[in-house]
Amino acid sequence: MDPAERAQAARARVPRIDPYGFERPEDFDYEAYEEFFSTYLVILTKRAIKWSKLLKRSGGVRKSLTVKRYVRKGIPLEHRARVWMAMSGAQAQMDQNPGYYQRLLEGEGSPSLEEAIRTDLNRTFPDNVRFRKTAEPCLQKTLYNVLLAYGLHNQGVGYCQGMNFIAGYLILITKNEEESFWLLDALVGRILPDYYSPAMLGLKTDQEVLAELVRMKLPAVAALMDGHGVLWTLLVSRWFICLFVDILPVETVLRIWDCLFNEGSKIIFRVALTLIKQHQEFILEAKSVPDICDKFKQITKGDFVTECHTFMQKIFSEPGRLSMTTITRLRESCRAALLSQG
């Protein structure tokens, strides 16, 4: 079989729409994906057996070193919603506030909030068949409800672009409106410090923290950025705002989120540093600002990020030691510097 025939055969075997409803892009490498997925399927099957035993044995999910190890190796899709809910504190919040979500939707609305959300609905996952108006059921209505309820619940944040992508993924995984609402609350309210408030101070702070970490761990890349006067926000703001949704492949994003719900926002830095370190030589070839921007787009594509199991192993080895103490210290100094500029 020549390469063209092999590619054609793989295209015939791999569904054009992935398990989450996303259409494969035009340039999708079906052959490489099939090769990766055949080995990944074996891993997934083993993990599913281990998770089933763990959940049966303990009756629930409590944070422990065993759970942390299991989570880093990936939560099977059938258990993902339950484990995310337990680890993030969303389940406890939902249990303590019965009927709250429904009351938000039935209470007094906010025309400006409703308008802001409506504007973004059609822009959310146009490549996903479940979010199309023709879909039955159409997830746009579910997404609207989750975002509206959240905007009314957290009026300091309201609605901010990027939250639509996050809520959309939560809906695809939980298949449950109320659970998606409480997971969004866990992310926006607790796990991501002040990313989505109008001033976005937390987001700006964390971009500066990443810049400092690159300076410490990858000084040649930092020197390139400084030499060209490139602002990190130009390159990575969507990584933080969208938590890698629509940037990295779906399965890889979900594996990152498994750890995000259990270990917190530190994971975002691990992912960002791994992407940059792995492609350091490639980035350093850049000769101009547009060149740097283009290379940062390219490093989020290809086999390295598609092979999610190896990628997740790398994020815990490549950046080296990264303690929460270091992150907290850097956050404090970067935040103070931003406030003094303001």
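The conversation below sets computed values against the definitions behind them.

Tutor: This is a predicted model, in which local features need pLDDT of at least 70 and side-chain atom pairs count only at pLDDT 80 or more, while totals for chains, interfaces and linings use all residues. Residues are numbered from 1 along each chain as its sequence is written, and side-chain values use heavy atoms, with hydrogens and water left out.

Student: How do you know that the span of helix H11 agrees with its number of residues?

Tutor: Helices are DSSP runs (H or I, at least four residues) numbered from the N terminus, and the expected span is 1.5 Å times one less than the number of residues. Helix H11 has 17 residues, 201–217, so it should span 24 Å, and its end C-alpha atoms are 24 Å apart, which agrees.

Student: Which residues of H12 are buried, and what makes them line one face of the helix?

Tutor: Buried means under 20% relative accessible area, exposed over 50% and partly exposed in between, with a 1.4 Å probe and protein chains only. In H12 the buried residues are Val221, Ala222, Leu224 and Met225. Seen down the axis of H12, they fall within an arc of 155 degrees, so they line one face; the arc is that of the directions from the helix axis to the C-beta atoms. The face turned away from this buried side carries the exposed residues Pro219 and Gly227.

Student: Why is the pair of phenylalanine 22 and tyrosine 169 called tilted?

Tutor: Rings of Phe, Tyr and Trp (its six-membered ring) pair if their centres lie within 6.5 Å, and planes under 30 degrees apart count as stacked, over 60 as edge-to-face and the rest as tilted. By this rule the count comes to 29 aromatic pairs. Phenylalanine 22 and tyrosine 169 are 6.0 Å apart centre to centre with 55 degrees between the planes, and the pair is therefore tilted. Both residues are buried.

Student: What makes the pair of tryptophan 257 and phenylalanine 261 edge-to-face?

Tutor: For tryptophan 257 and phenylalanine 261 the planes are 85 degrees apart, at 6.5 Å centre to centre, so the pair is edge-to-face. Both lie in helix H14 (residues 250–263), four residues apart, about one turn of the helix.

Student: How do you know that arginine 72 lies over the face of phenylalanine 316?

Tutor: A charge sits over a ring if NZ of Lys or CZ of Arg is within 6 Å of the ring centre and within 35 degrees of the ring normal. Arginine 72 is placed over the face of phenylalanine 316, at 3.6 Å from the ring centre, and lysine 295 over that of phenylalanine 282, at 4.0 Å.

Conventions
Helices (H or I, at least four residues) and strands (E, at least two) are DSSP runs, numbered from the N terminus.
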